[in-house]
Amino acid sequence: SKVADQIGIFNNLAASGLQGILLSPTDDKALAPHVRTAARRGLPIAIFDSPLDATVGTDYINFVATDNKAAGATAAQTL
């Protein structure tokens, strides 16, 4: 499955000595324990696009995503 593939890729990258990981989780709950484990080992992880069922500042360093409602309102006003 895509989730199992992403977990495998994430764990391989987390163990490879990278200085940080950017992650757009395919499943907010399934990836959370893997992110927590890597964060406890000191690996900085930033989440983008899709949320993660974990705590910003503890389990990952930040979350970046588009506010679709605000973007839609801006597009409507522009039109």
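This is a predicted model: local features need pLDDT of at least 70, side-chain atom pairs count only at pLDDT 80 or more; totals for chains, interfaces and linings use all residues.
Local features were considered at pLDDT of at least 70 and side-chain atom pairs only at pLDDT 80 or more, while totals for chains, interfaces and linings use all residues. Residues are numbered from 1 along each chain as its sequence is written, and side-chain values rest on heavy atoms, with hydrogens and water left out.

A salt bridge was assigned where a side-chain nitrogen of Lys or Arg lies within 4 Å of a carboxyl oxygen of Asp or Glu. The count under this rule is 3. Secondary structure follows DSSP runs, numbered from the N terminus: helices (H or I) have at least four residues and strands (E) at least two. Residues are called buried under 20% relative accessible area, exposed over 50% and partly exposed in between (1.4 Å probe, protein chains only).

Lysine 29 pairs with aspartate 28, with 3.8 Å between the closest N and O atoms. Lysine 29 also forms a salt bridge with aspartate 53, at 3.5 Å from N to O. Lysine 29 sits in the loop between S1 and helix H2 (32-40), and aspartate 53 in the loop between strand S2 (45-48) and strand S3 (62-64), so this pair ties together parts 24 residues apart in sequence. Lysine 29 is exposed, at 53% relative accessibility. Aspartate 53 is partly exposed, at 39%. Aspartate 28 is likewise partly exposed, at 31%.

Arginine 36 and aspartate 59 form a salt bridge, their closest N and O atoms being 3.3 Å apart. The pair connects distant parts of the chain: arginine 36 belongs to helix H2, aspartate 59 to the loop between S2 and S3, 23 residues away. Arginine 36 is partly exposed, with 26% relative accessibility. Aspartate 59 is buried, at 10%. Through shared partners, salt bridges join Asp28, Lys29 and Asp53 into one network.

Surface patches were built from residues with over 30% relative accessible area and no salt bridge, joining like charges within 9 Å and nonpolar side chains (Val, Leu, Ile, Met, Phe, Trp, Tyr) within 5 Å. Areas were computed by the Shrake-Rupley method with a 1.4 Å probe; for residues, only the protein chains shown count as cover. Ile9, Leu13 and Leu18 make a nonpolar patch of about 250 Å². Leucine 18 lies in the loop between helix H1 (2-14) and strand S1 (21-23). Leucine 18 is partly exposed, with a relative accessible area of 39%.
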